[in-house]
Amino acid sequence: MRVVHTSDWHIGKVLNDYSLLEDQAYILGELKQFLIEQKADVLIIAGDLYDRKVPPAQAVELLDQVLSGIIQDTGVKILAIAGNHDSPQRLSFASGLFRQSGLYLCAKYSQQIETVTFQDPYGDIVFHLMPYADPAQIRADLKDDSLKGANEAVGRLLSLHEQSIDPEKRNVLIAHGFFTDLTSGSGLIFGEETNIGGSDAVDIGWLSSYDYVALGHIHTPQRVISEKIRYSGSLLKYSIAEATRHKSVTVIDFLEKGDMVIEQKSLSPLRDLRIITGTLEELADYKNAVNTNDYVFAQLEDQDLIPDAMYRLKSVYPNALGLRLKQKEEVSGPLHAALTLRQGKNPLELFEEFHFYVSGRRMEEQDRKILQQAIKEAEVKDE
């Protein structure tokens, strides 16, 4: 059986006032074509189908079109759960009817983890659907106030469910949240999101009974210590912090018990999100610009911020998200600490430090003389 693992669609996402619905419609169309080309049997969506609990009407329409199109045109069965961005009540509407067409949508938390079983030439594959639930919700449902944090609450839920798992069958858990190795504190292997812990983290020790764990919530595709415990990552880049991260979907070929092949496959977005670096003169040169329709964030190498910089940048990159002076970013750390040591410094020294903190360069002698004169005049007025 060939399964495609995705998560974090975040339909309806707005990035710096730009609606990403067009980009999402495009990438989901690419996903549909990918399912056909890969001859997939099952599509997993491990939470956060929407970007917010009350999605705009256009987002609801897009999700309806995508799910209907995949089922009608590909025959692929869809297994989806709610994430922390989703509203369980809204997402679960008519879910009983959807099952008849091949859409298995588990949005509401239940103490009894829902299972769906499919067959292939090697036997049964049992999918365990565990939508996101707040630890307080689990604690109240189990009537156990001793459960503190996600690890104890979710862990208890998984422990109770483990009793019903048939170890002879292939078992796949679909879940949404922070799962990591709490023993070492560094369970996430790839990407920048490492050392996740605290009350929101759930230890991967609870997942030992599953042949594969399809996770959602973290946007960078990566495994969690084990090859069989994976985040698929989001389909698109949803923040400037994700600009350098590679996006993909995870394809799993389930063979006999204990044997599977896992691959990461890329989809091409309508627009990339990237960081561009250079002087404003260089970046605003249309002749040398590439992929100008991308979402870009500019790191300017100019000495000073030019008043109409954003206007000039948008004349070349209409989807520009913002800009900043690169020098300021590089010096802000140590200078910020230095500025806190201001005792015993006169106003001129303090302003010189502030000028360097903002601009990344020392004051010119002519500017210093003007400032000295202004300080003297101000002191005279105070007297």
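How many nonpolar, polar and charged residues does the lining of the second largest pocket have, by class? The lining has twelve nonpolar, four polar and one charged. Here Ala, Val, Leu, Ile, Met, Phe, Trp, Tyr, Cys and Pro count as nonpolar, Asp, Glu, Lys and Arg as charged, and the others, Gly among them, as polar.

This is a predicted model: local features need pLDDT of at least 70, side-chain atom pairs count only at pLDDT 80 or more, and totals for chains, interfaces and linings use all residues. Residues are numbered from 1 along each chain as its sequence is written, and side-chain values use heavy atoms, without hydrogens and water.

Now the aromatic rings. Tyr104 and Phe118 pair edge-to-face (planes over 60 degrees apart). Their centres lie 5.6 Å apart, with 70° between the planes. Tyr104 lies in strand 6 (residues 103-106) and Phe118 in strand 7 (residues 114-120), so the pair ties together parts 14 residues apart in sequence. Strands are DSSP runs of E, at least two residues, numbered from the N terminus.

Lys77 lies over the face of Phe118, 5.7 Å from the ring centre. That requires NZ of Lys within 6 Å of the ring centre and within 35 degrees of the ring normal.

How values were computed
Phe/Tyr/Trp six-rings, centres within 6.5 Å; stacked < 30°, edge-to-face > 60°. Helix = DSSP H or I, 4+ residues; strand = E, 2+ residues; numbered from the N terminus.
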